[in-house]
Amino acid sequence: MPTLTWAERFNPALERAMVYLRTSEKEFLAEEENKIRAQKRQLRRSRITAIILGTAAIISMFFMLFAFVKQVEAEKNRQEAEQQRERATTEQQRAEKMAEEARLSAEEAKIQEERALANADSARISALEAMRQKEYADRTAREANVQRSKAEMNAELAEEQRFMALAQADTARMNAEESQRLRMVSVGKTMAVKSIQLSGEGQLQTLLAYQAYLFNKRNGGSANDADIYMGLYNVAKTHGALNYKTFDGHSGMVNSIVFPTRYPGLLYLGIGREGAQVECREF
């Protein structure tokens, strides 16, 4: 196990680098916990909204059922009023018939007249009762129409609120997916930077750089991300790759770049006045 004294002999800044990495890790974990808490609060608000809208829908259905019952009662009262009116008409016809028979017989006229008066009174009472029943039926029908209009308005309001709740739920889901995607892209960039720092551990460094590339690609990261590119470039440069070649033999300054037309897949760097290191990459 390496110690601090051993590390300071090779690089005195190692302790500061470790402190910086620990501090960065703590801040990253704290930021992730804050994101998780925010997502939980958003989910809780969405559930409360759904419960409220469901309750409103149940109340609207109750009002619609109540209006339907009132409408049935009004129809029943109207039918009873029609029956009363028909009975009143029948009684009136009977009274007129008795009046005609009274004119034929003098003695029978008084009896028939009394009967006719009684029947007429009964008919008037029946007519008044029929009129009262009709007025009550009309008033009940108007109240039923008002209740039905209110129920329809409440149903429309509940439907609008349901659509709003669905839209808010879709927005929350898309925000959660976007947050997860950005988090995975950030994790890929972090792994790429970490692979650069793990010098001397070839397999772990290569795996981290490749995993960072996969995270960035599968989660819609930038195709030309500098951190991802530097991780892969560092692995190719340190451990070798098919598409990376270095030709030694020059040590001067770089003052030009040549793009050859004969081999369009190659890029030559470092052609200097005194002869600098020549690096050839395939792309």
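**Charged side chains of a predicted helical and stranded model**

R44 counts as partly exposed at 48% relative accessibility (between the limits for buried, under 20%, and exposed, over 50%; 1.4 Å probe, protein chains only). The structure is a predicted model, in which local features need pLDDT of at least 70 and side-chain atom pairs pLDDT 80 or more, whereas totals for chains, interfaces and linings use all residues. Residues are numbered from 1 along each chain as its sequence is written, and side-chain values use heavy atoms, without hydrogens and water.

R44 lies in helix α2 (residues 14–104); helices are DSSP runs of H or I with at least four residues, and strands are E runs of at least two, numbered from the N terminus. Together with R37, K40, R41, R45 and R47, R44 forms a positive surface patch (residues with over 30% relative accessible area and no salt bridge, like charges being joined within 9 Å; Lys and Arg count as positive). The protein has five helices and four strands, and 21% of its 283 residues count as buried.

The structure holds 13 salt bridges (a side-chain nitrogen of Lys or Arg within 4 Å of a carboxyl oxygen of Asp or Glu). In helix α2, K35 and E31 are four residues apart and thus separated by about one helical turn; their side chains meet in a salt bridge at 3.8 Å, N to O. K35 is partly exposed at 31%, as is E31 at 43%. In helix α3 (residues 106–197), D138 and K134 are likewise four residues apart, with their closest N and O atoms 3.3 Å apart in a salt bridge.

Methods. Patch = residues over 30% accessible without salt bridge, like charges linked within 9 Å, V, L, I, M, F, W, Y side chains within 5 Å. Areas by Shrake-Rupley, 256 points an atom, 1.4 Å probe, with all protein chains shown as cover. Charge placed at Lys NZ, Arg CZ, Asp CG, Glu CD.
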